[in-house]
Amino acid sequence: MKNTNKQDQITRKEALKKMGKYAALTAIGTFIVLNPKKAQATSPPDPGGNPFD
């Protein structure tokens, strides 16, 4: 049988609150990384040119 301490457990409300914070940070981080205009503006120019031109 498992020994569980009351101190180690959190309530469902606390767990959802923590998960919400991580979800918000993940959404913001994903938006920043995948934002095409900003990503294109900060990327360096192509040093070799386009080989298909």
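This is a short tour of the structure, one selection at a time.

The model is predicted, so local features need pLDDT of at least 70 and side-chain atom pairs count only at pLDDT 80 or more, while totals for chains use all residues. Residues are numbered from 1 along the chain as its sequence is written, and side-chain values use heavy atoms, without hydrogens and water.

Start with the whole chain. Its secondary structure comes to two helices and zero strands (DSSP runs, H or I of at least four residues for helices, E of at least two for strands, numbered from the N terminus). Of its 53 residues, 0% count as buried (under 20% relative accessible area; exposed is over 50%, partly exposed in between, with a 1.4 Å probe and protein chains only).

Next, select residues 12–34, which are helix α1. From first C-alpha to last, α1 reaches 32 Å, close to the 33 Å expected at 1.5 Å a residue (1.5 Å times one less than its number of residues). The count of buried residues among the 23 residues of α1 is zero.

Now select Lys21, which lies in α1. Is Lys21 buried or exposed? Lys21 is exposed, with a relative accessible area of 54%.

Finally, select Ile28, another stop in helix α1.
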